[in-house]
Structures are given as structure tokens and as C-alpha cells.
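Let's take a walk along the place where two protein chains meet. Have a look at the model first, and then we'll go through it step by step.

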There are 2 protein chains.
Amino acid sequence: MHFHSERRLDGDILERHFTLGEIPGILWTPGSTPAPLILAGHPGGLDGMYPRLLSRSVHAAQHGFASLSIELPGGGDRARVPALERARADLRAALAAGDPVDGIVDALVLPLVELAVPEWQAALDAALSLPEIDDGPVGFSGGVIAIGIRLAVVEPRIAAALLFAGSYVPHSMFEEARRVSIPLHVLLQWDDAGNDRQLALDLFDAFGSAEKTLHANLGGHTGVPAFEADASIRFFLRHLRGRGDH
Amino acid sequence: MHFHSERRLDGDILERHFTLGEIPGILWTPGSTPAPLILAGHPGGLDGMYPRLLSRSVHAAQHGFASLSIELPGGGDRARVPALERARADLRAALAAGDPVDGIVDALVLPLVELAVPEWQAALDAALSLPEIDDGPVGFSGGVIAIGIRLAVVEPRIAAALLFAGSYVPHSMFEEARRVSIPLHVLLQWDDAGNDRQLALDLFDAFGSAEKTLHANLGGHTGVPAFEADASIRFFLRHLRGRGDH
């Protein structure tokens, strides 16, 4: 984890940009450390997502949490992944033509999950070795939901996940969803035009966790109400227990 | 509103039992008054519901809210309402036999709404005339959901409603749900055996409110997680604005 730039934000929050091998990433830490860590997921394109990630991470830091995000495989300035590029082009074409997308979603999301999850685990290894990061339970927050599901299944250090039901999920991942056992907080935008509401409800139903909560709100993909930020932090305060400012 | 007994609870909360005509009721007020009011709905049988109403009302009082509840028509020690008694018996028989209940739900819930809503409005009139109750916007919290829907439509003093999707709703009330325009916070128990999940989701979809949030949690009818109490209070703090302790 090579830090190459840093700046201080209000409230003594430190934002540092790093590379981990060829992967760019950002780490936000609150004034008070060691801080419990939240992995901040996103759909790819770290620069474009920066304003939203910054807002989430500053809010988390105000409640004592560190946040880490890395670029996805093939996203932003990273080397293209030809299979993902083809699948994305196929998906755009199918959506434009109104054709079914199931097979294309599999071709897009399953390789993305396979490539991305080990990278997030490597970033987790690196972050947890820093003295400013608490080495206790870790949270995952955001999308791509399929990456969050896989991490929840394979990565025992992740103790709680906030999943954004706003991206495609291969049907084969429903079986994986049944194996998730950590507490989940699922956000669903009720009128998300790019998302299948019934599929999101079915996925929520499939999760094996004994504690799972669905928060559905009106509005489109980017219209999550501001008050959900507080609900999200409360979820992490409950489950990354003895940590943060609760 | 005739108060006939009172006791002080922790935190200087005052619990007073009253009658309004023949209707028994309870008013909880916090130490700091005038306090904004939440109408605390329930399925009938004030004595049996007392422990849960007490818990909700003490929590609300800790955040600066007064709570008021009255017995439902035909509930508790009130005079039986023959039409409701017949409908309840029919419902029990139909459920035991596995027969469809739609017509029986109409026969049970529609008259209950017609009888109950004017009583809650009368209780609201009486409470708002008390110096210890703030005469600004009022909240409704709980069930019977059909009573909450009707109150949300006809009673302009109610500015926000927390509805518990855990009781029967006549199909005719979906049209009424479309006319609801106040902010809603809807609680759904995902595995509530006595409740139709799809009907609850359809009802959430039908509400006309520009701000509506659904919180779904695992567990049965009485298994709402404790953390939802905080989410409920935050909803009222947002919408009974300038009031309470936010």
C-alpha cells in the first residue's frame, strides 16, 4: 500500500490516495485511531464516484470509522478487461433493443466478482496492517452487490454488510446469498428504472442471515434519501461493536 | 377528557389514564412540555397492549414526545359491537378452515375504521386543548393500519405516520392509500405468518406519499427488532419538525 498524496479534511479526517500494486485506492481515517474499517464499494470508476464516496466516508469518519475504496478491475484508469468490455457492450445493446439480459449479466458480473474479490481482500490485508486501522470486525458498504455477497460469504473478517440493491445480480448468486450469515442492511430504491424490484425483493428473501433489514425508499438509482446515511451508520455502530462512537 | 389516575415514571414522564365519554385512554407526557403528540395505535385491547404501548411511549417521551392511546370500538372492556364480533368469529372460522378471508376482512375492518376514526379525532381535539400538548403537527404510530390510512387521509393535523403492515387491509382501501400524501414510515415483518407479504408490498407501492420508507425485518408479528424504535423516533423528529429533542 503505497500512499502518494494526502489531505486533511474538516474534523481532522485524513484522506490518502494510494496504490496497491497497480490498483488505485483511497483511505479515509478519522482523527481518533485506531478506527474500525468499512470497505466502501461502488460500481467502478473511482473518479466519477469520488463525490459520493467522499460524502459517505466523511460521514463515517464523523462516527469514528475509517473507509477504504479501491478501483474495480477494468474501471477508471486501470487496464481494460476484454471480457468485461465485451459484456458491457452486449448489455448496452440488449438494453437498447429491449432484449433479455440474464446471460449477459452472468458474463459481466461473475468474472467481475472473481477478479475483484481477491483485490478487496488484499486491500483489507494491507489496511489492517496499518496502526491507524483497528484489526477487529470490518464492514462492507455499497455495491456492486454481487461483490458484497461474495465477500460476505468468503471473508470472515467482514462482520456486517450494507448492500445497495441497485445493480444486476446473476441468478446463480441466489444460492450464494443463502450462505450469507452476517447481519445485512439492504437499501432498495423502489423506482430504480435500471433495477428489477422483484429480483431485489427475492434476493432479500434469499439471504440466510438471521438479522437482515430492508430499507426501501421512493426515487431512482441515485435518490437515496439523506436520512439513510444515519441509518447506515447506526447499523455499523451496532455490529462493529465496541468500536466507533456509540 | 376526564383523568382518573396518574403515576410518574422515570425521567419525569407522567402517565395518566382517562375516559373520553365512554372511551378509556392513556396519555403519556414527557417532563418538558408543551410536547408534540403521537397517536399510538394498536389492534384493540388496551390492557393487553399496555406493555408494548408503555415501552413505545416512554421511548417517545425520552425524545420529547407525548403519546396518546384510546381503546378501539368493541375492544377491551368497551361494549361489544355485534357486527365486529360476528366478523371476528367468521374470520377465525375461515382461517381455521383455510377459506378465503377477503369479504370477511371488509366486514371487519371497514366498520371498525368508520367507528374508530371519529373517536381518535375526538381524542385529538381533547388532547390538543391541553396546555401540556403542543398544538402543532401530530404523528400516528402503529396499527390498525387501515385506521392509520384513513386518519392520514381525513385528518390534516396528522403530518406523519408510522404504519405497521401487520393487519388485514380491505382491497377497497388501496384507493384510499393512493390519496395519502404525508410522509410514511412502514414497518413490515418479513415472516409474519398472519400477514400477506405481497399485499403489504403492494400497499406500500400504492401509497401516494412523495416520501415513504419501508423497513422490512425478519421475524414474526411481534418480532420487530429493538433498533427499529430508534428509527421510528428519528422519523418523527424529522417530520414533527422544530419539536422534540433533535
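Before counting anything, here is one term to keep handy: a polar contact is a pair of N or O atoms within 3.5 Å, where, within protein, one must be able to donate a hydrogen and the other to accept it. Keep in mind, too, that what you're looking at is a predicted model.

With that in hand, chain A and chain B share nine residue pairs in polar contact, counting those with both residues at pLDDT 80 or more. Which parts of chain A are involved in touching chain B? Helix 6 (197-206), strand 9 (212-217) and helix 7 (227-239) of chain A each give two or more residues to that side. Strand 9 of chain A has the largest share, with six residues. As for the kinds of residue on this side of chain A, eight are nonpolar, five polar and seven charged.

Now follow strand 9 of chain A across to the other chain. It pairs with strand 9 of chain B (residues 212-217) in the antiparallel sense, over five bridges. To find your place in that pairing, look for Asn217(A), whose bridge partner is Thr213(B).

Charged side chains join in as well, with two salt bridges across the interface. In one of them, Asp205(A) meets Arg197(B) at 3.3 Å, N to O.

Finally, step back to the whole interface. How many residues are in contact? It's 20 from chain A and 20 from chain B. Together the chains bury about 1,700 Å², with carbon and sulfur atoms giving 58% of that area. On chain A's side, Trp190(A), Leu218(A) and Phe227(A) supply 29% of the area buried against chain B, more than any other three residues.

Methods: Residues numbered from 1 in each chain as written. Chains lettered and ligands numbered in written order. Predicted model: local features only at pLDDT ≥ 70, side-chain atom pairs only at ≥ 80, totals over all residues. Heavy atoms only, no water. Contact = heavy atoms within 4.5 Å. Buried area = accessible area lost by both parts, 1.4 Å probe. Salt bridge = Lys/Arg side-chain N within 4 Å of Asp/Glu carboxyl O. Polar contact = N/O pair within 3.5 Å; in protein donor to acceptor, adjacent residues only side chain to side chain. Helix = DSSP H or I, 4+ residues; strand = E, 2+ residues; numbered from the N terminus. Nonpolar A, V, L, I, M, F, W, Y, C, P; charged D, E, K, R; others polar. Pairing = 2+ DSSP bridges.
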